[in-house]
Amino acid sequence: MLSVDDLFKGRHFDREIIVLCVRWYLRYKLSFRDLVEMMAERGLSVAHTTIMRWVQRYVPEFEKRWNRFARQVGGSWRVDETYVKIKGHWVYLYRAVDKAGKTVDFLLRAKRDVGAAKAFFRRAFARHGRPPRKITLDGYQASHRAAPAMRRSRSPASNSCIASGRVNSR
């Protein structure tokens, strides 16, 4: 992770202005042009494309820094997959939430098969560093084949997978 000085090195604007614009963009769902107008009211001339570049450059870095302080996900996950339409295309949404309702991870895939389920579990386990104690799954068999296989590859200790007719993903 870069130091704060190295992160903003070579920028024409002060780092407080950059952080403020990125924060307002993320928190208040403002457009880039709204932020340009707000900065103009404060006497700063900024192009909307400049703010767009700041968002693209700094959001991943800020996310890394903020995630260090985030609450860890629980040891009990509820996993479900559903069919959703995004930009006119139907895709499968794999999603896991913990016992408290916090989203563990999600993945969009064109196919609903064991390979997609394994990719989802691989990504979720890698992102959180460990498999959960318990996974509650819906009735789809590909998930039932993928979850134990991925857990065994990550941890030799066997944990429980529970089948449920309906997963309440909130």
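1. Basis. Residues are numbered from 1 along each chain as its sequence is written. In this predicted model, local features need pLDDT of at least 70, side-chain atom pairs count only at pLDDT 80 or more, and totals for chains, interfaces and linings use all residues, while side-chain values use heavy atoms, with hydrogens and water left out.

2. Helices H2 and H4. The axes (lines fitted to C-alpha atoms over the stretch in contact, with angles from 0 to 180 degrees between N-to-C directions) of helix H2 (residues 15–28) and H4 cross at roughly 85° and come within 9 Å. H2 is therefore roughly perpendicular to H4 (65 to 115 degrees). In contact (heavy atoms within 4.5 Å), H2 contributes residues including Ile17, Cys21 and Tyr25, and H4 residues including Trp54, Tyr58 and Trp66. The residues of this contact comprise 14 nonpolar, no polar and no charged (nonpolar: Ala, Val, Leu, Ile, Met, Phe, Trp, Tyr, Cys and Pro; charged: Asp, Glu, Lys and Arg; polar: the others, Gly among them).

3. Helices H3 and H4. For H3 (residues 32–41) and H4 (residues 48–67), the axes come within 8 Å and cross at roughly 115°. Phe32, Arg33, Leu35 and Val36 of H3 meet His48, Ile51, Met52 and Val55 of H4. These residues divide into 6 nonpolar, 1 polar and 1 charged.

4. Largest pocket. Among the residues lining the largest pocket are Asn67, Arg71, Lys102 and His128 (lining residues have an atom within 4 Å of a point on a 1 Å grid). The lining comprises 3 nonpolar, 4 polar and 3 charged residues.

Technical notes
Helices (H or I, at least four residues) and strands (E, at least two) are DSSP runs, numbered from the N terminus. On a 1 Å grid over the protein atoms alone, a cavity is a set of points where a 1.4 Å probe fits but cannot get out, and a pocket is an open set with protein on both sides within 12 Å along at least five of seven lines; lining residues have an atom within 4 Å of a point. Angles under 35 degrees count as roughly parallel, over 145 as roughly antiparallel, 65 to 115 as roughly perpendicular and the rest as oblique.
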